[in-house]
Amino acid sequence: QNEEKWDFVLVSDIHEMGSEKEIKRKKFLDELSKKGFTIKKIEDTKLFYGVRAPQHIFWKYQCLLTNPNSRQQNSSAYQDVPVTTRIRVVHFILQNTVTSDLEKLHDLMKKKVFEAAFPLHKKEEIREILKKKWARWRVLFKEQPIEEIRCYFGEKVALYFAWLGWYTYLLIFAALAGLATVAAGATVFSSSQVSKEICDANNTIMCPLCDQNCSFWVLSDTCTYAKVTHMIDNEATVVFAMFMAIWATVFLELWKRERANVATSWDLYGWDEEEEELALQLINNSQHEPRPYQHSYFRSTIVLILALLMIMVLIGIAHALVIYRAVAMALFTQSEVNLLSKHADIVAVMTGAVLHYITIVIMTKVNWHVALFLCDLEKPRTFSQRENSFTVKIFLFQFFTNFSSLIYIAFFLGRINGHPGHYVRIAGHWRLEECHPSGCITDLFIQMAVIMVLKQTISNIMEYLIPLISHQLRKKKKRPKKRNLMLGEEEEAEDPCKRQWLNNYELNEVNIFSLFNEYLEIVIQYSFTTIFVAAFPLAPLLALINNVIEIHMDAIKMMRLRRRMVPRKAKDIGIWLQVLEAIGILAVIGNGLVIAITSDFIPVQVYKYMYSPCMRENHTSMDCSTGYINNSLSVFHIQDFEPHTKVLPEFKGQQIKECRYRDYRNADDYTYTVQFWHIFAARLAFLILFEHVALCVKLIAAWYIPDVPQKVKNKILMEKHSNLRNELSTTEYSTEV
């Protein structure tokens with residue numbers, strides 16, 4: 001039985017004898033044979049080469065990497081190497097074996113000498129356990145078998161699932177808080193004075209929304225919109241934003257503890273990636289010289305400039321979306337179709353969000369190539385260094401791709417468009433969009449909702465269906481029909497390996513970025529869940545639903561639809577932790593800005609405590625925000641419209657002399673009023689206060705929850721102590737002898 005255990009399978013097309021490809025293939029296989037590898041060839045529609053490494057390679061590996069105090073034991077301890085380690089070592093040697101033409105497997109695959117190289121999914125007990133307990137839809141809410149995942153896919157994959165599971169578990173609390181916020185908005189704050197005033201404003205005539213043939217309109221038309229806005233934009237949101245800032249910190253701190261537990265139980269505390277790589281290089285080639293560390297300021301500068309250029313391009317795309325919305329708004333308002341012209345603003349926002357989603361999909365592909373190119377410019381020393389530098393770049397690009405138009409809606413929309421009679425225009429023609437009279441936060445809410453729902457549903461469906469369909473297609477394509485035997489002719493017995501190798505070959509291929517993609521998707525989702533959460537309190541709930549499905553979808557993909565990943569060792573989630581910490585800080589700034597700038601929270605408070613009737617007379621029974629809407633609208637005289645504006649001066653049969661618009665300006669010369677500067681100061685003060693308080697609370701939480709549990713610290717302490725004690729006793733023994 002032992003004879004048939006193969007570590008790796010190489011697949012190649014059947015080349016003609018004596019062709020260049022055939023000679024290259026033979027050279028490579030000869031190099032492997034020199035290293036003592038056993039090679040088995042099976043011919044089908046392709047050529048399959050099974051590869052098994054000699055035992056002495058793993059003995060060397062254990063010798064180099066076991067801790068010193070276990071080296072005294074005899075060599076019988078060297079028998080058993082875990083399968084994941086076997087695959088990892090063999091994969092490294094295959095990738096780094098050089099032929100006499102100085103070509104590696106990577107180069108040969110580019111030249112189509114080999115088509116694929118992969119480890120096998122074998123019929124092992126552990127695989128059956130994983131299929132039963134993990135890779136099926138029935139176990140949706142059960143705990144994941146992390147230990148088994150580690151034994152089958154290696155530490156890196158197991159840590160990803162441990163982290164994703166932990167994040168999903170903690171999302172429950174965030175989702176409940178978000179639901180509570182929305183519920184509070186729908187019940188406690190639904191009868192708010194502000195939205196009541198908008199609904200009662202039958203006589204407040206507002207300035208037209210476009211330049212040509214737009215009529216005046218009455219504020220009470222936007223009654224429902226105002227109610228929706230007030231569901232999100234109320235006092236509860238401020239508390240919720242604060243809660244989410246703390247939640248992000250607590251999540252990371254608790255994850256660090258969880259990770260420390262995992263790392264000690266897997267005996268990874270002393271493990272060092274660099275040492276592992278050096279050991280593998282020496283096993284592969286005992287003459288190997290390590291590549292020294294290098295750093296070039298010139299290269300770094302070039303990379304920095306190019307990265308900044310790319311970010312500029314991404315911000316430019318966000319500007320293009322803004323222009324689209326301004327133009328679309330103008331065209332929709334003048335449209336013949338009644339439905340379009342009536343709801344022009346909502347249609348423009350919706351189509352804008354869908355366009356934004358499409359640019360996200362396209363730019364993701366572009367970002368990928370740019371980040372890889374920048375990585376190659378840097379010439380990182382090791383694979384893990386390359387991975388880290390790639391992670392940071394792709395995250396930055398993806399962040400700007402996903403968020404630049406949200407940042408515009410949150411902080412610039414309606415703040416830079418001038419006022420009636422003096423609008424800011426694109427190319428001197430189209431007016432920039434304005435916020436809705438009941439506040440800008442609803443625009444942000446719609447944009448976030450559309451992107452999150454689209455991104456998660458479409459991405460998930462594609463992520464599952466594409467591998468499924470391509471697997472089915474490969475199956476159909478690869479099966480040759482060989483069932484026409486002559487009478488009395490015996491069919492030769494089929495090699496038992498053949499079916500297994502073919503089945504594995506028919507699965508979808510994996511690459512080094514397969515796991516990376518999963519991380520990136522969840523980290524971008526984490527940004528959506530924390531950064532603008534004040535505008536979209538349901539984000540954690542959507543993320544929670546998505547993740548529960550995502551875990552099992554990834555599991556099914558890895559077990560049933562993809563070839564086996566090459567197991568990799570790791571003791572944490574790597575640079576992603578720093579990325580998550582950066583997002584945590586951005587979340588504090590982002591939510592502070594949303595409440596200070598986007599929401600109407602501050603203007604209402606300023607009005608209540610400085611300008612409301614409560615301040616002038618002692619009305620205890622009265623709601624202090626009475627009159628807020630009238631106060632927040634400025635007056636504009638019709639005769640001051642720009643000459644090319646065609647406005648119908650009649651409205652419902654009456655001549656109109658003046659209209660209202662949302663701003664704090666004087667009626668005579670349209671300069672800012674004192675109240676505008678009061679509100680501006682209050683916004684700044686709130687922002688500074690909110691951010692400092694939230695960051696202090698984050699720091700306190702980080703200090704309060706230790707990164708490493710006491711249990712783990714004590715375990716390491718005891719191990720160090722007993723090791724030193726053993727050393728001491730052996731030294732004393734040898735001196736006595």
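## A hairpin in the sheet

Strand 2 and strand 3 pair in the antiparallel sense over six bridges; strands here are DSSP runs of E with at least two residues, helices are runs of H or I with at least four, and both are numbered from the N terminus. Two strands count as paired if DSSP finds at least two bridges between them. Three residues separate strand 2 from strand 3, and the two form a hairpin. Within this pairing, K41 stands opposite Y49 in strand 3.

The model is a predicted one, in which local features need pLDDT of at least 70 and side-chain atom pairs count only at pLDDT 80 or more, while totals for chains, interfaces and linings use all residues. Residues are numbered from 1 along each chain as its sequence is written, and side-chain values use heavy atoms, with hydrogens and water left out.

Strands of a sheet pair through backbone hydrogen bonds, in either a parallel or an antiparallel sense.

Strand 1 (residues 8–12) pairs with strand 3 (residues 47–52) in the antiparallel sense over five bridges. In this pair, V9 stands opposite G50 in strand 3. Contact means heavy atoms within 4.5 Å; axes are lines fitted to C-alpha atoms, for helices over the stretch in contact, and angles run from 0 to 180 degrees between N-to-C directions.

I551 is in helix 19 (residues 539–561) and is buried, with a relative accessible area of 7%. Buried means under 20% relative accessible area, exposed over 50%, and partly exposed in between, with a 1.4 Å probe and protein chains only. Leaving aside neighbours within four places in sequence, I551 is in contact with W134, Q144, F161, L164, G165 and T168.

T391 lies in helix 15 (residues 383–411) and counts as buried at 1% relative accessibility. Not counting residues up to four places away in sequence, T391 touches F516, I575 and W576. Y225 is placed in helix 9 (residues 223–232) and is also buried, with a relative accessible area of 13%. Y225 and G439 are 214 residues apart along the chain, and their C-alpha atoms are separated by 9.5 Å.

## The chain as a whole

The protein chain has 25 helices and 16 strands. Of its 737 residues, 51% count as buried. Taken along the principal axes, the C-alpha atoms fill a box of roughly 100 × 80 × 55 Å. Among contacts with a separation of 6 or more, residues 24 or more positions apart account for 79%.

The accessible surface of the protein chain comes to about 37300 Å², and 62% of this belongs to carbon and sulfur atoms. The area comes from the Shrake-Rupley method with a 1.4 Å probe. The chain carries 83 positive and 78 negative side chains, and the centres of the two sets lie 4 Å apart. Lys and Arg count as positive and Asp and Glu as negative, with His and the chain ends not counted; each charge is placed at NZ of Lys, CZ of Arg, CG of Asp or CD of Glu.
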